[in-house]
Amino acid sequence: MIYSNKDHFEMIISGVGGQGNVSSGIIIGEAASCYENKFVTMTCTYGTEARGTFAKSDILIGKDFVDFYECQSPDVILVLHKKAYPKIKDKILEDTIVVVNKNEVDQVNMNLGEIFSLPFSEIAFQEIGSKQVVNMIALAFIVEKTKFIRNESLVNAVQNKYASGQIAELNRKALEVGFSIA
Amino acid sequence: MICPKEGRYFLQGNIAVGEAAIRSGAMFFAGYPITPSSEIAEHASIHLPIAGGTFIQMEDEISSLAAVIGASMTGVKAYTATSGPGMSLMSEHIGLACMVEAPCVIINVQRAGPSTGLATKPAQGDFFQFRYGTHGDHMIIALSPASVQECFDLTIQAFNFAERFRCPVFLALDGIIGKMYETVNIPKRNEIKVVNRKKAIASKVDYQPYQPDEHLVPPFVPFGSPLITRANGSGHGIDGYPCDDAKNHEQLVRRLINKIDRYKKEISLFKEYYTHDAEVLIVSYGCSTRPAIAAMKEARKRGIKVGILQLQTLWPFPEELIASITSKAKLILVPELSLGQLKSEIIKYCHQKPVIGINKLGGVSIQPEDILTVLFREIEK
C-alpha cells in the first residue's frame with residue numbers, strides 16, 4: 001500500500017460543495033508540483049450551487065505529463081459525504097483505497113475496495129474544535145497511509161497557502177492529527 | 001501576479017492565460033464575466049490594476065470588445081474573455097477590429113451551445129465561429145491550447161501575433177482546458193519573447209495611417225499623438241477616411257487577408273505524436289487531444305500504429321500540413337466535442353482518405369475508450 005514509487009497515481013476527492021473538495025485537490029497539486037517536481041492534472045465537477053450538491057476532484061499525478069485528465073483507475077477515493085458515495089461507487093476497483101468519513105457517510109459497500117472508515121468529523125471537533133478541517137485531517141491520513149507524496153510536501157503546501165494566523169494554525173494542527181491517526 | 005517569479009506552479013488554465021497576458025504587456029481588459037471563462041476576468045480585475053493597467057466590467061459583450069478596440073487604438077495591449085454566447089454578441093466588433101487593424105486578444109472558453117446552451121459545460125462547437133463569426137471577407141488567427149502549459153505559452157503567442165499583424169487573435173480554449181488545473185513552468189520574464197507593434201516614423205506632412213509596410217501591415221500611431229490617425233469600419237483609403245471606390249475596397253480587403261495568409265506557415269503551430277509511421281492518424285485540438293494521447297498509447301501497446309496531429313493553430317487552417325501529413329495514413333480519426341466541424345475541414349485536404357468523426361455533445365469529455373472503440377471497429381472492416 002505504499003505508492004511513493006508509482007509513476008502514475010490517481011485520487012478522487014468527493015463530497016458536496018463547501019467541504020473543500022476542490023481546494024484539497026489544489027493543495028495536493030501544489031504539494032506534488034512545487035515540492036516534488038511531479039506533474040499533476042486536476043479536473044473538477046461541481047454544480048452551480050455554492051454548497052450542498054455533489055462535488056469532486058480528479059487528481060492525477062505523473063512523472064512528466066498526464067495524458068488523460070479523468071481518473072480511470074483510482075488508487076485512492078476520499079468520500080466526505082453520503083451524497084457522493086453513489087456517484088463514485090462505480091469507479092472503485094478491487095485495490096482502490098476508499099477513505100470514508102463515517103460521520104457523514106452511513107451506507108458503504110464493505111466489499112468494494114479496501115475501506116478505511118473513520119469518524120473524521122468527530123476527530124476534527126474533538127481534537128481541533130472545528131469541523132472545517134475535516135478535509136485536512138483526511139488528506140494527512142491518506143498521505144501518511146500511502147506515501148504518494150511526502151508528509152512535508154503536504155505541510156509545506158498548506159503552509160504556503162495559509163501563511164499565518166489562526167487558519168494556518170488550525171490547518172497545521174489538523175495535518176498533525178491526520179498523520180497521527182493513520 | 002499569482003506567480004510573482006519564474007518556477008513551477010499548479011494553476012488553472014484560465015489563470016495561466018491571465019498570468020501570460022500580464023507578462024505579454026497587456027494593460028487593459030474589458031469584459032462581461034461568463035462561465036467557463038469568468039476566472040480570466042476575475043484575475044484581470046485583481047492583477048491588472050496592480051500592474052498599472054485597467055479593468056472594466058462592461059454592460060455586455062458588444063461594448064466589451066468595443067472598449068478593447070478603443071484601448072488598443074491608444075497603443076495599449078488589450079484583451080477580453082468570454083464564452084460562446086458572448087462571442088455571438090461580439091461578432092460585429094470582430095469585424096471592426098479586423099477593419100481598423102486593432103491588435104487585440106479575444107479569449108473564448110467554449111461551452112456547449114447553441115445559445116446559452118449548457119452553462120459551464122465544455123464544448124468545441126465554435127470552430128467555425130472563430131473563422132466566420134463576423135461578416136465579410138476577412139482572415140483571422142485562432143490558437144487553441146490542450147494543456148495549462150499551452151494556455152500560458154499560446155497566450156503569449158496570441159498577443160505577439162496580434163501585435164505583429166495588427167489584427168484580432170482568438171484564443172480558443174474549451175471548458176475542460178480552461179477549468180483544469182495543471183503543473184506549469186513559468187519562465188523568467190527576460191526569457192519570454194514579447195512582440196510590440198511597429199510604430200510609424202513619419203512627419204506630419206506625409207503620414208498616412210493605413211499605408212502598409214513591406215509586410216502589408218501599417219505601422220501604428222496611437223490616438224492622441226501629434227500624428228493624426230483614424231479608425232474606420234467603413235471602406236477607407238490609406239488616409240483612413242471613408243472611401244467606397246471599388247478598386248480601393250478590393251485592395252484593402254485583399255491586403256487584410258494577405259497580411260496573415262502570406263505568413264501562414266509561421267502562424268501554423270502544431271504538435272506531432274508518432275506521425276512518422278502512423279497508419280491511423282488522429283487529428284485533434286484542445287481538450288480532445290488528451291483522450292487521443294491515451295488512446296494512441298493503448299493502441300500502440302496492441303501493435304496498431306496510431307499517431308496524432310494536434311493543431312494549436314486552428315485558423316488560418318493549415319491546408320498544406322493536413323495534405324502532407326495525411327498522405328501516408330490509411331485512416332483518419334477526428335475526435336471533437338462537436339458534430340464534426342474540424343472533420344469537415346480536414347475532409348477537404350486529405351486526398352479522399354476515410355475520415356471518421358468521434359463526436360460528443362452534452363458537455364462531457366470524450367473518453368479514450370470512445371476513440372478506441374471506433375478505431376477497432378474501423379480497422380476490422
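1. Strand S2 (residues 39-46) of chain A and S9(B) run antiparallel and are joined by 2 bridges. Pairing here needs at least two DSSP bridges between the strands. Met42(A) has Tyr181(B) as its bridge partner in S9(B). Helices (H or I, at least four residues) and strands (E, at least two) are DSSP runs numbered from the N terminus.

2. Basis of the model. This is a predicted model; local features need pLDDT of at least 70, side-chain atom pairs count only at pLDDT 80 or more, and totals for chains, interfaces and linings use all residues. Residues are numbered from 1 along each chain as its sequence is written, while chains are lettered from A and ligands numbered from 1 in the order in which they are written.

3. The chain contact. Chain B contributes 17 residues and chain A 16 residues. Two residues are in contact if their C-beta atoms, placed from the backbone, lie within 7 Å. On the chain B side, strand S1 (7-12), H7, strand S9 (181-186) and helix H10 (289-301) each give two or more residues. H10(B) has the largest share, 5 residues. By class, this side of chain B has 10 nonpolar, 2 polar and 5 charged residues. Nonpolar means Ala, Val, Leu, Ile, Met, Phe, Trp, Tyr, Cys and Pro; charged means Asp, Glu, Lys and Arg; the others, Gly among them, are polar.

4. Overall form of chain B. Chain B has 13 helices and 15 strands. Its radius of gyration is 21 Å, close to the 21 Å that the globule rule gives for 381 residues, so chain B is as compact as a globular protein of that length. The radius is taken over C-alpha atoms, and the rule is 2.2 Å times the number of residues to the power 0.38. The C-alpha trace spans about 70 × 45 × 40 Å along its principal axes. Of the 381 residues, 51% count as buried. Buried means 20 or more other C-beta atoms within 10 Å of the residue's own, exposed means 12 or fewer, and partly exposed lies in between, with C-beta atoms placed from the backbone. Among contacts between residues at least 6 apart in sequence, 74% join residues at least 24 apart.

5. Domains of chain B. The division is domain 1 (1-267) and domain 2 (270-380). These bounds come from an automatic or database domain assignment. The C-alpha centres of the two domains lie 28 Å apart. Their contact takes 28 residues from domain 1 of chain B and 21 residues from domain 2 of chain B. H5(B) gives the most to the domain 1 side, with 4 residues. That side has 19 nonpolar, 3 polar and 6 charged residues.

6. Cis peptides to check. Thr35(B) and Pro36(B) are joined by a cis peptide bond, with omega about 0°. Pro36(B) sits in the loop between strand S2 (26-31) and helix H2 (38-50) of chain B. The bond from Gly113(B) to Pro114(B) is also cis, with omega near 0°. Pro114(B) lies in the loop between strand S5 (104-112) and S6 of chain B.

7. Positive phi. Most residues other than glycine have a negative phi. Leu216(B) has a positive phi, near 75°. Its loop runs between S9 and H8 of chain B. Leu216(B) counts as partly exposed because it has 18 C-beta neighbours inside 10 Å. Tyr274(B) also has a positive phi, about 50°. Tyr274(B) is in the loop between strand S10 (270-273) and strand S11 (280-284) of chain B. With 16 C-beta neighbours inside 10 Å, Tyr274(B) counts as partly exposed.
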